[in-house]
Amino acid sequence: MNGAQDLGGMMGFGPVAIEQDEPWFHAEWERRAFGLTLAMGATGSWNIDMSRHARESLPPADYLSSSYYEIWTKGVERLVVAARLVSREELTCGRSLVQPAPIKRVLKAEDVPAVLARGGPAERPVEQLARFAVGDRVRTRNMHPQGHTRLPRYARGKTGVVELVHGAHVFPDANAHGQGEQPQWLYTICLSGQELWGEQADPTVSVSIDAWESYLEPA
Amino acid sequence: MNQHHHHDHDDYSHLSEIELRVRALESILVEKGYVDPAAIDALVETYEVKVGPRNGAKVVAKAWADPAFREWLRKDATAAIASLGFIGRQGEHMVAVENTPDEHNIVVCTLCSCYPWPVLGLPPVWYKSAPYRSRAVLDPRGVLAEFGVNLPETTRIRIWDSTAEVRYLVIPMRPEGTEGMSEEALAELVTRDSMIGTGLARQPEAVR
């Protein structure tokens, strides 16, 4: 969706605010929000694409005026409600009002190292061959799906060159909506700065995105 | 950031709205048995104490010192990095991109905050914020200047927008005058920002 998360190429946010000797967290609630998000993710009640979509579909004004871990917190609230694990009423009053719903698993402290080490690899075996090879010229689709996508607006309808072929990866546009993983070949596409931003752009700049096969057509 | 006043009073009237909101969420999830608070502690401790950019610095120092490792890192970064014990979440599919006198690489995630956790730890606030995410792809030289990095006009700049589950690690250029230095000493020159591409490796004089 064309949400507020899709920031590439926007203007007016001011200079980058660099903090020297930045701490990993700036407040105790950020630690809790971070840990809660990962611990709930480990319950298997949703996948990482659903999690991203829950954050990215916040109303744009809300997204842009929230700090990073505020966005994460709001994302988890939406996910637990959508998964029927917690009701809106419970969130409002701050305590459990009904029996818990069944849950696949609960992350235990002693399992944290193994779960983090395993991670969530996205590559999947597929039978179909890759449509594109390194060096092929491709055009990204001009598309504006209502649902989740990982093709940024600034890189739609642009011509570039396949630089890397990564294998087939879980397709977020489907996986975010509970439609299964539907793995597709994933490519790194290199686009020139001038293709993206026009003739006046710096000719020494190029930008690459990682794009699933259905984002691309031959050019 | 707001000043944090946490004194464990019985009433929470001194807490900000977001503090209350997170506290409420955790209470409900714990009460329902979905979350073990000790697991939250363990997750936080992992990324606050155990994982961080010193991991990535070891990878880069080894690549500088060991040509065979550098070649492996360029061909199969996931396996090469795993050989040093850095594996797992947000580093499942790694690609290493190498800076040269002709080409400088910068990593961004315009859509969210994708970042190679096993080698760099959690991203700094600026990496996740709108100014960096919006402008890294549009005006990379302007962004670099804000980090105090001014490259020759002829240097090609490559931006890697992490839009999938592939995570990128920049191998900065090895500074001059570091011949014969041990991997450990070399790692001291490798900063977090130099592995994102918003900085350069430190000069050996700077750490003496």
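This is a predicted model: local features need pLDDT of at least 70, side-chain atom pairs count only at pLDDT 80 or more; totals for chains, interfaces and linings use all residues.
Analyst: Contact means heavy atoms within 4.5 Å of each other. As for labels, residues are numbered from 1 along each chain as its sequence is written, chains are lettered from A and ligands numbered from 1 in written order, and side-chain values use heavy atoms, with hydrogens and water left out.

User: What else is there to know about chain B, such as its helices and strands?

Analyst: Chain B has twelve helices and four strands. The C-alpha atoms fill a box of roughly 60 × 35 × 35 Å along the principal axes, and 57% of the chain's 208 residues are buried.

User: Why does A187(B) count as buried?

Analyst: Buried means under 20% relative accessible area (over 50% is exposed, in between is partly exposed; 1.4 Å probe, protein chains only). A187(B) has 9% relative accessibility, so it counts as buried.

User: Where is A187(B), and which residues is it in contact with?

Analyst: A187(B) belongs to helix α10 of chain B, residues 183-187. Beyond its neighbours within four places in sequence, it is in contact with R54(B), A57(B), K58(B) and A61(B). From R167(B), A187(B) is 20 residues away in sequence and 21 Å away in space, C-alpha to C-alpha.

User: What makes β4(B) a mostly covered strand?

Analyst: Count its residues: in β4(B), residues 166-171, six of six are buried. That goes for both faces, with V166(B), Y168(B) and V170(B) on one side and R167(B), L169(B) and I171(B) on the other.

User: How do you know that β1(B) and β4(B) pair?

Analyst: Two strands pair if DSSP finds at least two bridges between them. β1(B), residues 93-98, and β4(B) have six bridges, running in the parallel sense, so by that rule they pair. One place to look is E98(B), which stands opposite I171(B).

User: What makes up the seven-strand sheet, and in which order do its strands come?

Analyst: Both chains contribute: the order is β5(A)-β1(A)-β2(A)-β3(A)-β4(A)-β3(B)-β2(B), an open sheet with mixed pairing. β5(A), residues 216-218, and β2(B), residues 103-108, each have a single partner strand, so they are at the edges with one side lacking a neighbour in the sheet. On average, neighbouring strands are turned by 35 degrees against each other, direction ignored; the axes are lines fitted to C-alpha atoms (for helices over the stretch in contact), and angles run from 0 to 180 degrees between N-to-C directions.

User: In which sense do β1(A) and β5(A) pair, parallel or antiparallel?

Analyst: Antiparallel, over three bridges, with β1(A) covering residues 137-140. There T140(A) faces L216(A).

User: Why is one space called a cavity and another a pocket?

Analyst: On a 1 Å grid over the protein atoms alone, a 1.4 Å probe fits in a cavity but cannot get out, whereas a pocket is an open set of points with protein on both sides within 12 Å along at least five of seven lines; lining residues have an atom within 4 Å of a point. The structure holds one cavity of 30 Å³ or more. The largest cavity has a volume of about 90 Å³, meaning the space filled by probe spheres set on grid points joined across faces, edges and corners. Its lining includes R52(A), W72(A), L111(B) and R133(B).

User: How large is the largest pocket, and what lines it?

Analyst: The largest pocket holds about 1,100 Å³. Among its 44 lining residues, G41(A), I48(A), G119(A), G120(A) and R89(B) are closest to the centre. α2(A) gives the largest share, five residues. By class the lining has 23 nonpolar, ten polar and eleven charged residues (nonpolar: Ala, Val, Leu, Ile, Met, Phe, Trp, Tyr, Cys, Pro; charged: Asp, Glu, Lys, Arg; polar: the others, Gly among them).

User: What about the second largest pocket?

Analyst: That one holds about 940 Å³. Closest to its centre, out of 42 lining residues, are E19(A), E22(A), P124(B), V125(B) and R192(B). The largest share of this lining, three residues, comes from α4(A).

Note on methods. Helices (H or I, at least four residues) and strands (E, at least two) are DSSP runs, numbered from the N terminus.
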